[in-house]
Amino acid sequence: MLVSENQDFQNISVIVNGQNVDKKIRTHLRLLDFLRNELNLTGAKEVCAEGECGACTVIMDGKIVNSCLVLAVEADGAEITTIEGVSKADQLSKLQQAFVDYHSVQCGYCIPGMILAGEQLIKDSPEASIEEIKYGISGNICRCTGYTKIIDAVASITQKG
Amino acid sequence: MQYYRPNSLEEYFNVIDSQTLYAGGTDLIPRYERGEILPQSIIDLKRLPELQGIQEIQNSLEIGAAVTIEEIKNSELLTSKYQALQESSIDFGSVQIRNRATIGGNICNASPAGDTLSPLYAFDAKLLLTNKNGHRLINIEDFIFGPGKINLEEGELLQKILIPKTKTKSVFYKLGLREAMAISVINFAIVHDKNELTIAVGAVAPTVLKFSGLTGLTIEDIISGIDQTISPIDDIRGTADYRRKVLRNMLAYELSKIID
Ligand SMILES: Cc1cc2nc3c(=O)[nH]c(=O)nc-3n(C[C@H](O)[C@H](O)[C@H](O)COP(=O)(O)OP(=O)(O)OC[C@H]3O[C@@H](n4cnc5c(N)ncnc54)[C@H](O)[C@@H]3O)c2cc1C
């Protein structure tokens, strides 16, 4: 939460997981607070609140961002994907299924951010090498797995040949 | 807090009046997260078309202040002739940070450890500062006075960075405490063409230090000259002694590669 002396409001119009959302919000709300508290999308997690850990990662206009470092008003006119928008009608995405198959999840706290970073990486570099995967997820910290199984899951999609 | 997002410089000049300028927010928001009270109003510069783009014009390369570090990393224009600047973007934060952080924010934040600064100093970058009445063009070393201290007047913004188009070979080196997401313990850039050798070093003094006119000196002389000028500090990332040692060794290594 950011602290502001005065409460100013602004209307924003955002597409979240394919749905139009119009809302009047406080201008000092972070995108993370907006998603969690106003839209009840609690998949994005708050951990470090300073851009180091990636647990609050969402996709904004085709780019991954830390939603703790973005003001919700900045998202006016943008398209946002959160972890809640990744599976389609109870059908896991390929990457989500790979995380299950490769046992990539332990405590699970980093996983929403990790999946979104992985989804965008696969989109941007469909044949990403192991090195490119490591580089691409370096903004997402996991304290349980040691990353190996997470990297394996992403690589199972980008390195299938 | 009032939030403005002008779509042109003209619109911008109609709203400014002691607001805080805001670009990627990657330096500003963490400060507010730590409890600093938000300003009365902020102006988001990211949509200003006048602050976008990387292009070569007659005598220089122009980079808009709102260009993100990710754009610097991916720009083919930088790959051949401005390597050191591009290299400084590679180990910069994470994808998430690079997608938001701007080069203008890195300059105006004026941290001695800012990664794009040593390459910009070594390339003799000039900054185009703009206000209602026009522009001024100054050298980057005349813009940054110390940590967080810049020569920006009320009503002014940093519009563009201009790099003269002459230098050919360059390299950037950064030491962080781990591979990803690390602030520089030290960093430096070396720019070398046939007639000139320039070195700029970051995180060893209150501002980046630039050393030029080094042609004809031995590597040993260059390094001991630099060692006598820097004033590194002990901090959480390393001792002053450690910084001196790494700088000497890495300069020796990179200089011997770049001067053939
Ligand atoms: C997790 C994390 C990792 C990081 N890693 C690195 C790293 O590896 N290397 C590194 O160098 N930095 C790093 N940073 C610091 C930060 O990302 C950079 O300094 C970045 O370039 C700041 O740009 P911004 O657009 O986000 O600036 P903002 O936070 O928007 O602004 C920074 C300052 O510049 C001013 N400003 C911005 N644009 C202009 C303009 N056009 N004209 C006038 N004033 C302006 C603002 O008023 C403010 O004072 C990191 C930060 C975080 C949170």
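This briefing covers the fold of chain A and the salt bridges of the structure. The model is predicted. Chain A holds five helices and five strands. A search over all chains finds 21 salt bridges in the whole structure.

**Chain A: fold and overall form**

- From the N terminus on, the elements of chain A run β-β-α-β-β-β-α-α-α-α.
- Chain A is as compact as a globular protein of its length, because its radius of gyration is 16 Å, close to the 15 Å that the globule rule gives for 161 residues.
- The C-alpha trace of chain A spans about 55 × 30 × 25 Å along its principal axes.
- Of the contacts in chain A between residues at least 6 apart in sequence, 54% join residues at least 24 apart.

- Buried residues account for 52% of the 161 residues in chain A.
- Chain A carries 14 positive and 21 negative charges.

**Helix α1 of chain A**

- Helix α1 of chain A covers residues 31-38. Its buried residues are Leu31(A), Leu32(A), Asp33(A), Phe34(A) and Leu35(A).
- The cover over these buried residues includes four strands of chain A: β1 (9-16), β2 (19-26), β3 (57-60) and β5 (79-81).
- Asn40(A) follows α1(A) and has a positive phi, near 65°.
- Asp33(A), one of the buried residues of the helix, also belongs to a salt-bridge network with Arg30(A), Glu46(A) and Glu33(B). That network includes residues of chain A and of chain B.

Side chains of opposite charge can pair when their charged atoms come close.

*Arg136(B) and Glu156(B)*

- The side chains of Arg136(B) and Glu156(B) meet in a salt bridge, at 2.6 Å from N to O.
- This pair links distant parts of the chain, 20 residues apart. Arg136(B) sits in strand β7 (residues 134-139), and Glu156(B) in the loop between β9 (149-150) and β10 (157-164).
- Arg136(B) is partly exposed, at 22% relative accessible area. Glu156(B) is buried, at 5%, which puts it under the 20% limit for that class.

*Glu141(B) and Lys210(B)*

- Glu141(B) forms a salt bridge with Lys210(B), and their closest N and O atoms are 3.2 Å apart.
- Glu141(B) lies in the loop between β7 and β8 (144-146), and Lys210(B) in strand β14 (residues 209-211), so the pair ties together parts that are 69 residues apart in sequence.
- Both partners count as partly exposed: Glu141(B) has 30% relative accessibility, and Lys210(B) has a relative accessible area of 26%.

*Asp227(B) and Arg248(B)*

- Asp227(B) and Arg248(B) meet through their side chains in a salt bridge, at 3.3 Å from N to O.
- The pair ties together parts of chain B that are 21 residues apart in sequence, because Asp227(B) lies in helix α9 (residues 219-229) and Arg248(B) in helix α10 (residues 240-258).
- Arg248(B) is partly exposed, with a relative accessible area of 34%.

Definitions and conventions: Residues numbered from 1 in each chain as written. Chains lettered and ligands numbered in written order. Predicted model: local features only at pLDDT ≥ 70, side-chain atom pairs only at ≥ 80, totals over all residues. Heavy atoms only, no water. Helix = DSSP H or I, 4+ residues; strand = E, 2+ residues; numbered from the N terminus. Rg over C-alpha atoms; globule rule 2.2 N^0.38 Å. Buried < 20%, exposed > 50% of the residue type's maximum accessible area, 1.4 Å probe, protein only. Contact = heavy atoms within 4.5 Å. Lys, Arg positive; Asp, Glu negative; His and termini not counted. Charge placed at Lys NZ, Arg CZ, Asp CG, Glu CD. Salt bridge = Lys/Arg side-chain N within 4 Å of Asp/Glu carboxyl O.
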